[in-house]
Amino acid sequence: MATEPAPLKKIADAAGDPLVTDVEPLVRFDKVVKRYGDHVVLDELDFTVRRGEHVTLIGPSGSGKTTILRLLMTLEKVSDGVIWVDGSPLSHVRRPDGSLKPAGEKELRASRKKIGMVFQQFNLFPNMKVLQNITEAPVNVLGMEREEAEARARELLDLVGLSGKVDAHPSQLSGGQQQRVAIARALAMRPEILLLDEVTSALDPELVAGVLDLLGDIARSTDITMLCVTHEMNFARDVSEKVLMFDAGRVVESGSPEKIFTDPEHERTREFLNAVL
Amino acid sequence: MSDFFSTLLDELPQVGAGLWVTIQATVLGSLLALLLSFALGLAAGSRLLLVRGVSRTVVEFFRGTSLYIQLFWLYYAMPQLTGYELTPLLCGVVAFGLNYGAYGSEIVRGAVNSVPRAQYEAAVALNMTPFHRMRRVILPQAWVQMIPSFTNLLIQLLKCTPLLWLISAADFMTTVEHIRSLTGETLTAYLLLLAVYFVLAYALTLLMNVLERSAKRRLGLHTGARSLLKTRTADAVTTAGGAR
């Protein structure tokens, strides 16, 4: 899809987004609305993520954080507004007259190429062993040679500390191990944007630190842009450059972790942090 | 009694041929039914209203009309309408396939729907095509859930094959019935029928248990040796949905 900077710039100006910089952001939410029936989950949401940035989304349950990731992964449809990724509309296509209409499956698949996601419940495929969970999509979606995909999968399993589990079934692994495989599986698709949806919430407490350390390593050693929904405030502090505080489908406050955690401007942020820290 | 068995021995080639017809009707009928189960069951989940509608109509029609009458239609009415005449065995295979395919499609639809949505979402996140998602992720998991219900249908189909008698298909039932009428040994004849159909049905159950075991093992689920001999079917099977 062709990038047309001019109309984008106009939209950005019209939105009056204070986060807009001179560099075109990798992800831009432009007045995004998500409704389920009468219930408004996201209310004209505007925010941007720069390339390579690690952003943590915090806020009370039901504030719409996970919905943002699910919209980006095209698991849900936007009710209104547009999500821009790398200058192209994520879930819309341009009509000849320049207006936008909802994308079909083919266009959605083109959009998904850049994005990977790790889920709270891991969602490994139980009908495939660990190695195949990781190679399945590179071989069948990216068209990679099987040998190459397997070599890469073994590297990734090494990275996540599970090189001994190549032939295990997901059901034979602990939660923490399954989540590591899920991370390797997402990385195998070489995403530009990695979405992490409460990836430690389903883990036993003693397994959380290992997974967070791994994600911290990935954040530091790659240029993958990360959007992370978490209740682990330490992780938000250590890994992300930007924290967005959500409440009732809107960004209440955004800033560096130091700013948000030590000197929040909004009463709502203070209340939330007092409750979780 | 001895009269019955001596006649049975005399008629053994016909009885053997009859058994072979019964087995053919069961195997070919269930293969056609399996094919239709998947075609109709997957069509029922289509995004296109037309495809869903056609599937629904076919399923309701063949499920809602009697198997007897379908057999009679194929054997007696179709030749008058079209001029084509199917052999009795082929009539049986087509009728069993259509009728049980209609029931089987509901099993496929239910099993596909029972695979956790999270599995679908994980496949979307890996950018798989809808076809790839279905073939590599959803169906292998749904398959395990289908097997017990398919076993039930398979045995029911086997037990319906004596209906072939009605269209003179020389199946096992027909040949034994013939010997009964020759000898007048009603009790023995019907006892033999009960026993043989039971043995055939139990053999099918064991075969399907092997299939279920291997399907479960592919999902990394535990299967004990005793699961091979169990006769219970169509119970709820738990698969590692979110794999926790």
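The model is a predicted one.

Chain A splits into two domains. Domain 1 is built from two stretches, 5–114 and 191–276, while domain 2 covers 124–190. Taken over C-alpha atoms, the centres of domain 1 and domain 2 of chain A sit 26 Å apart. Where these domains touch, each puts in 10 residues. On the domain 1 side, helix 7 of chain A (residues 205–221) gives the largest share, with four residues. That side is made up of eight nonpolar residues, plus one polar and one charged.

Turning to the contact between the chains, chain A brings 27 residues and chain B brings 24. Several elements of chain A supply at least two residues each to the side that touches chain B: helix 3 (105–112), strand 8 (115–118), helix 4 (130–140) and helix 6 (175–188). By class, this side of chain A holds 12 nonpolar residues, 10 polar ones and five charged ones.

As for chain B, an unreviewed UniProt entry marks "transmembrane region" at residues 20–45, 142–167 and 187–211. Two of these spans can be checked against the predicted fold. Residues 142–167 of chain B are 73% helix and 0% strand, with the end C-alpha atoms 37 Å apart.

Definitions and conventions. Residues numbered from 1 in each chain as written. Chains lettered and ligands numbered in written order. Predicted model: local features only at pLDDT ≥ 70, side-chain atom pairs only at ≥ 80, totals over all residues. Contact = placed C-beta atoms within 7 Å. Nonpolar A, V, L, I, M, F, W, Y, C, P; charged D, E, K, R; others polar. Domains from an automatic or database assignment. UniProt positions renumbered as here; feature names shortened; annotations may be inferred.
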